[in-house]
Amino acid sequence: CSRKDCDIPGTYRLPIDFPVPEIMICDEPADGKLFLASIPLRTDPLPARYLIIMENDGTPVFFRKMPANTFDFKKQQNGLLSYFLRQDGIEYFYTLDNTYSVVDSYTTVNGYPLDMHEFLMMPNGHVLMIGDEARTMDLSGVVEGGRTDANVVGSVIQELDGSGNLVFQWRSWEHIDFLDTHVALTRRGIRYSHTNAIEVDVDGNIMISSRNIDEITKIDRDTGEIIWRFGGKGNEFTLVGDTLWFSCQHDIRRLDNGNVMIFDNGNLNDPAESRVLEYDLDEDNRIATVVNEYRREPAMFSPSMGSARKLPGGNMLVGWGNGWEVDVTEVRPDGTVAFEMVFPDRANSYRAFKDDWEGIAAEPYAWADTTGGELWLYFTKFGDQDVDKYFVYRGTSPSPDWKAYVTSGNSVRIRDFEAGETLYFRVTAVDGCGNVSPFSNEVAVTPEFSDEPEVTEALVK
């Protein structure tokens, strides 16, 4: 909205650092909300990270600025939202309910650092996560130029029950030789497996995708033994219907029709090109037949990250990860494009999801804007159509308790302050019955300019 329109209820200006997407194609895409977690480039002058839920036309229905890069923001089977966040060296997957309130946090056990690539909540209340297991190895005798102190990292799959107890654990070091990696063994740090996806198969066993060995692996959930290996140096399958093997792939998924779909980053292809592949896997005879393939026109290459998901109506949602030209594409079964968007300045999202969603925030969300030599405070209570007014609290120290403004709109212009003065704000929402919400997030802002009221002397009789 323009500044003068921002006092109209329901209207506000997005944060100045918000990665407003450019919708390139919107041709009757599937219903649902898009779930994205924006990751800026390191060279971005405003490196902001946001959780975002938005409509097909790009209108955000929820957003929240995050303190660090956030990954795998999605809706779980049980209706909760989840995301990964690493802050101050602490790594967790967090869950949110439909009021956008944090419900719980999860991490791996037994001393294995948490990996950000996958978090699955299962119907029985269990969760699946990936951990890292590092070993210091002398590779000088294994490969020419190998280091004597190489840090070689394998992957760990853990299943925890609802009480946080470990009920299943699988370690790549016990089952896959680190020499199966395509990563150069002359490096100091070697993530030899780099597992990036977990899928619970229809028979209850587990499939995983491991980027750095170019392999999909099926694991027996009872014994931990490998059932089969598909792709890479340990491949057991004959490939039919294609001349290219996938490489550096992401997002292994079992489809409703029984086929298996992956996002093939294609780093080892010549030329490098990313695509989505659907396989008919004959697991008994070890035959993999490519039955569908999607390549964007013009060709697209995503060197890392990425996802591919089938939507209920038959369309497919592709998240291009660290690609350049576009970030999200929705494709119909006939290959035509129903939706395509790109973030500005080459920001990206680890994965892209679309799902049904209705949420009403428990409290408002607030942010400040100092562009144009004015200080404005904006706020909204996502999804709530029953807000009658907002109370805005102001102070010069944290947790302000002076109710400085009351407004039926979603913004106030802040006056009466000096340059360099730090101001603190928080907001509550009041519904039509007079019920007051909890406080919003606290906003601290230090304007570089002053906005003092004009004083006029007058003689009064």
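Start at the second largest pocket of this predicted model, which has a volume of about 620 Å³. Select R42, M116, S304, M305 and N322: of the 25 residues that line this pocket, these lie nearest its centre.

Now colour two strands, β9 (114-121) and β13 (189-191). Each of them supplies at least two residues of the lining of the second largest pocket. Which strand gives the largest share of that lining? It is β13, with three residues. If you colour the lining by class, you will find eight nonpolar, 11 polar and six charged residues.

**Next stop: the largest pocket**

Here the space comes to about 1,100 Å³. Select Q77, R253, R309, K310 and D355, the closest to the centre among the 29 residues that line the largest pocket. Then show the strands β5 (70-75), β14 (195-200), β19 (250-254), β23 (307-310) and β28 (353-355), as each supplies at least two residues of this lining. The largest share, three residues, comes from β28. How many residues of the lining of the largest pocket are charged? There are 12 charged residues, along with 11 nonpolar and six polar ones.

Zoom in on β20 (residues 260-264) and β21 (residues 275-282). These two strands pair in the antiparallel sense over five bridges. Select D264 and look across to β21: which residue stands opposite? You will find R275 there.

**Last stop: a sheet of four strands**

Move on to another open sheet, with four strands in the order β32-β31-β34-β35. This time the pairing is antiparallel. Select β32 (402-407) and β35 (443-445) to see the edge strands, each pairing on one side only. Neighbouring strands of this sheet are turned by 30° against each other on average, direction ignored.

To finish, select β34 (residues 423-431) together with β35. The two run antiparallel and are joined by three bridges. Click on L423, then look for its bridge partner in β35, which is V445.

Definitions and conventions: Residues are numbered from 1 along each chain as its sequence is written. This is a predicted model: local features need pLDDT of at least 70, side-chain atom pairs count only at pLDDT 80 or more; totals for chains, interfaces and linings use all residues. Side-chain values use heavy atoms; hydrogens and water are left out. On a 1 Å grid over the protein atoms alone, a cavity is a set of points where a 1.4 Å probe fits but cannot get out, and a pocket is an open set with protein on both sides within 12 Å along at least five of seven lines; lining residues have an atom within 4 Å of a point. Grid points are joined across faces, edges and corners, and a volume is the space filled by probe spheres set on the points. Ala, Val, Leu, Ile, Met, Phe, Trp, Tyr, Cys and Pro count as nonpolar, Asp, Glu, Lys and Arg as charged, and the others, Gly among them, as polar. Two strands pair if DSSP finds at least two bridges between them. Axes are lines fitted to C-alpha atoms, for helices over the stretch in contact, and angles run from 0 to 180 degrees between N-to-C directions.
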